[in-house]
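Me: I would like to go through this model with you. Please have a look at it first, and then I will ask my questions.

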Amino acid sequence: MKNFEFEQELDIAWCPGCGNFNIRTSLIEALQELELEPEQVVISSGIGQAAKMPQYIDVNYFNGLHGRALPVAVAIKAANPDLTVIAEGGDGDMYGEGGNHFIHNIRRNPNIAHLVHNNMVYGLTKGQASPTSKKSMQTPVQTSGVANEPFNPLAVALSLGATFVARAFSGYPEQTKEIIKQAITHEGYALVDIFHPCVTFNKINNFKWYKNNCYQLSADYNRNDFNMAMEKALDVEHFALGVLYQKQGQPTFEQQLPVYQNNQQPIVHRKRDLDKVSELLSL
Amino acid sequence: MKESISIVLSGEAGQGLQTIEEFLVASIAKEYYVFSTKDVMSRIRGGNNTVQIRVASEKIYASKQTIDLLFLLNDDAFERLRTKVTKGTVIFGKKGSVKASMLEECEASFNELDVEELAKEYGKIYANTILYGFIAGIMQLNKDFCLQQIKEKFQNKSDKIVETNQKAFTVGFEKGQQYTDLFNIKSLVNPAPLKVLDGTNAVGIGALAGGCNFIASYPMSPGTGVLTFLAKKVKDFDVLVEQAEDEIAALNMVIGSWYTGARGLATTSGGGFALMVEAVSLSGMTETPCVVHIAQRPGPATGLPTRTEQADLNLAVYAGHGEFPRVVFAPGNLEDAVLLTQKAFYIADKYQVPVFILTDQYLLDSMGQMEGITLDETYLQDSIIETESGYKRYQLTENGISPRGIPGFGSGLVKVDSDEHDEAGQITESFEVRVQMNDKRLRKRAGLLESFAEAELIGNADYNTLIVGWGSTYGVLKEYVETNTDSGVAFLYVKQVYPLHEKLSTYFEQADNIIVVENNATGQLANLLKIELNVSVNHSILKYNGEPFFVDEVAQRLQEVL
Ligand SMILES: Cc1ncc(C[n+]2csc(CCOP(=O)(O)OP(=O)(O)O)c2C)c(N)n1
Ligand code: SF4
């Protein structure tokens, strides 16, 4: 019995064959292998098929609103840095509705892992284009095909100074698990864009397509080389899998907060002093 | 209206009006009762801004419309103030700052005073210190105290700056002494020691008193002052301050902070709160507490950014989709700005609901004197529990309150969901559970009414006319009933505007004539009284030009319907 698994049987709302199942296994194993306790871990998620993830893991969670997992996650980590915090959701959730938060939290560099299930489509609302949908893909809404250029989350994250940028594919669960582990242990904001097939609504980017269009970063790839990472991120013909970039030693959001400068105790555990407040009212 | 003198300083942004206001109010407060307020244009430099300082020998909490002493620091300002100038107004200004024809028309008297000219040998920036001295001279304020204040304000700059300011003050003071006959308010022999404060600081202090240790906000006037206040207190009070990327993020962060066990606050104005509405229902559904300070200004949309209005009551009461309980407090004075803000954190924590503190630009930007109050230690007590394994976040209970755990405290897991959920926090589509959960949330209303912030009746308990007000109209209405010779009038100050307690009905049953005074165009409280308590009001007195009500104005408008 694994720590993060439920005892009773689960009624999982994903379609049979969906890539989310593999991501779930990778995530549970990653948490397990990092020897974390469920009480120490919080998953903050938005809305969508991907965002249902914490429902299927035995862990603390805040399953909030569409696009809003990041602000919640950042606040949780800041209020109690002792917790391990993961923000999770789909590409529509994180890059579309939550695009502003995505941009600004990279700038904050909070010590959280950001897992985005990228199936290049909106699953839960039945197949509309997502920000990462391929150009000219036809959907019930984009009836003449998607006209917009796909959003490039890795290049955006790199350009804004993200300290950990990675891409995984749910078809390779072992590697996905390893990347998730590294993202969780990375000190600072860690983006993992996880490709996975939506077997119901995305007939273009299916399992085979991902296999054919993705390749592994070579064993001697230097993840500290920003220019190389950017070059890899900008290549949208062939998609590199692995950790494209990592920069260690950057101060995190929490570390820079004045409340933690001389006192490591999480603010949620600190005593409050009413007498000191009363002084503000004395003459 | 109480006997008082109103001093108006008119200048442009950047001329240091606020510094003189702070100096004057602090030194006047040593010998008189004082209330001051500002009228500011939405620009950083130039324009016409005014500060009105009202002085009396009795307690006052509001400003009056007419000007007694007017100090013009720049030209062209007079036209805007024309309607507030009377025969009795005495104007001081540079030669030519008021057109002769205009002066003749309003019959006010004019005295030449060129503070910039007087400041010449010290430098133009000392003009406002000269004016401070001049006014202090007219009022014969305690000179030593004034000089001491100057010292305290500038001592970390340089001795030279302190000295020059003190000299400039003295030049003004001596000149002002020639006009002491203009000021005939009796000073107090033993003035009660009262704290001088503005509404913004009062809300900020209330937040700290409520245990606030997290604030995430996006700047918007007039809500920003509270963010700035808490930012200054980061070190002393362990407050985590974050400027969010937008209001949506701000309130989601605040909710995240409460989920983790902090006491978070978001401060904004109506326009920013409009963006937070989505997160308000998140708080309602997940039963994660939150506190939002909504500082009203005139809308819709960007409206009048620097002016005042009470038109966001509907927004606060109805914000969010779906049905869930919430509380709206509307402090009308400094004491309540502290106490209700403190209480807001406690109520949010105890009942796990969103709580709103509804203020406005007028209350926040006004300075007055505050009575001594005692902060309630019990408001700091958390209702957070240590969880055990198998903990259920949404346990069904009789009073609707499920024991609230936080992650990492205890062996249980805290599972919170914005979808409808079962007791364990798992998504459910069971019709039955949906009804149980909705009922559970709505059951909290009873508790919220139990801790109802009592309304205050001011004036004769034997009234037959009841004036009703909320928020910042408190001051003018209190002064009206305190000075009104018709003893059949009382004022009901409603501090908790939602939910309204049934027991308020007895106040209305006694009255033949119910008049609601509100700083909006549609009578939002009057409508709420009808919906919540089935009270029909006889008259609504409304104002929505961006200004607050003035005491003399309210008296006149009330006379019309009495
Ligand atoms: C404010 C808001 N707008 C829209 C929706 C409807 N909605 C739910 S999920 C979703 C998109 C999901 O797409 P994605 O994030 O890519 O996740 P997936 O379902 O593909 O895993 C949308 C638009 C919502 N729940 N809330
Ligand atoms: S709709 Fe697509 S993403 Fe959602 S569960 Fe089915 S296959 Fe997976």
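Me: To start, where in chain B is B:P499 placed?
Reply: B:P499 sits in the loop between β19 (496-498) and α19 (505-509) of chain B. Helices (H or I, at least four residues) and strands (E, at least two) are DSSP runs, numbered from the N terminus. As for conventions, residues are numbered from 1 along each chain as its sequence is written, while chains are lettered from A and ligands numbered from 1 in the order in which they are written. This is a predicted model, in which local features need pLDDT of at least 70, side-chain atom pairs count only at pLDDT 80 or more and totals for chains, interfaces and linings use all residues; side-chain values use heavy atoms, with hydrogens and water left out.

Me: And the peptide bond from B:Y498 to B:P499, is it cis or trans?
Reply: The bond from B:Y498 to B:P499 is cis, with omega near -15°. A cis peptide bond also joins B:G299 and B:P300, where omega is about -5°. B:P300 belongs to the loop between β11 (290-296) and α13 (313-318) of chain B.

Me: What about phi of A:M120?
Reply: A:M120 is not a glycine, yet has a positive phi of about 60°. Most residues other than glycine have a negative phi, and most peptide bonds are trans. A:M120 is in the loop between β4 and α5 of chain A, and counts as buried at 4% relative accessibility. Buried means under 20% relative accessible area, exposed over 50% and partly exposed in between, with a 1.4 Å probe and protein chains only.

Me: Then B:Q140, buried or exposed?
Reply: B:Q140 counts as exposed, at 51% relative accessibility. Its phi is also positive, near 50°, and B:Q140 is found in the loop between α5 (127-139) and α6 (143-154) of chain B.

Me: Changing topic: how many aromatic pairs are there over all chains?
Reply: A search of the whole structure gives 32 aromatic pairs over all chains. One of them is the tilted pair of A:Y95 and A:F151, at 5.3 Å centre to centre and 40° between the planes. Rings of Phe, Tyr and Trp (its six-membered ring) pair if their centres lie within 6.5 Å; planes under 30 degrees apart count as stacked, over 60 as edge-to-face and the rest as tilted.

Me: Which parts does the pair of A:Y95 and A:F151 tie together?
Reply: A:Y95 lies in helix α3 (residues 91-97) of chain A and A:F151 in the loop between β4 (113-118) and α5 (153-159) of chain A, so the pair ties together parts that are 56 residues apart in sequence. A:Y95 counts as buried at 5% relative accessibility, whereas A:F151 is partly exposed, with a relative accessible area of 27%.

Me: And why is the pair of B:F71 and B:F92 called stacked?
Reply: The ring centres of B:F71 and B:F92 are 5.1 Å apart and the planes are at 5°, so the pair is stacked. B:F71 is in strand β4 (residues 67-72) and B:F92 in strand β5 (residues 85-93) of chain B, so parts 21 residues apart in sequence are tied together. B:F71 is buried at 1% relative accessibility, and B:F92 is buried at 1%.

Me: Which residues form one aromatic cluster?
Reply: The cluster is formed by A:F169, A:Y172, A:F195, A:F207, A:W209, A:Y210 and A:F239.

Me: Which ring does A:K276 lie over?
Reply: A:K276 lies over the face of B:F237, 5.3 Å from the ring centre. The criterion is that NZ of Lys or CZ of Arg is within 6 Å of the ring centre and within 35 degrees of the ring normal.

Me: How much area do chain A and chain B bury between them?
Reply: They bury about 4600 Å², 64% of it on carbon and sulfur atoms. In chain A, the residues that lose the most area to chain B are A:R272, A:L274 and A:L281, together 17% of what that side buries. Buried area is the accessible area (1.4 Å probe) that two parts lose on being put together, summed over both. In terms of contacts, 47 residues of chain A meet 66 residues of chain B, contact meaning heavy atoms within 4.5 Å.

Me: Lastly, which residues are around ligand 2?
Reply: They are A:W14, A:C15, A:C18, A:N20, A:Q49, A:N119, A:C198, A:V199, A:T200 and A:F201, a residue being near a molecule if one of its heavy atoms lies within 4 Å of it. This shell divides into 6 nonpolar, 4 polar and no charged residues. Ala, Val, Leu, Ile, Met, Phe, Trp, Tyr, Cys and Pro count as nonpolar, Asp, Glu, Lys and Arg as charged, and the others, Gly among them, as polar.
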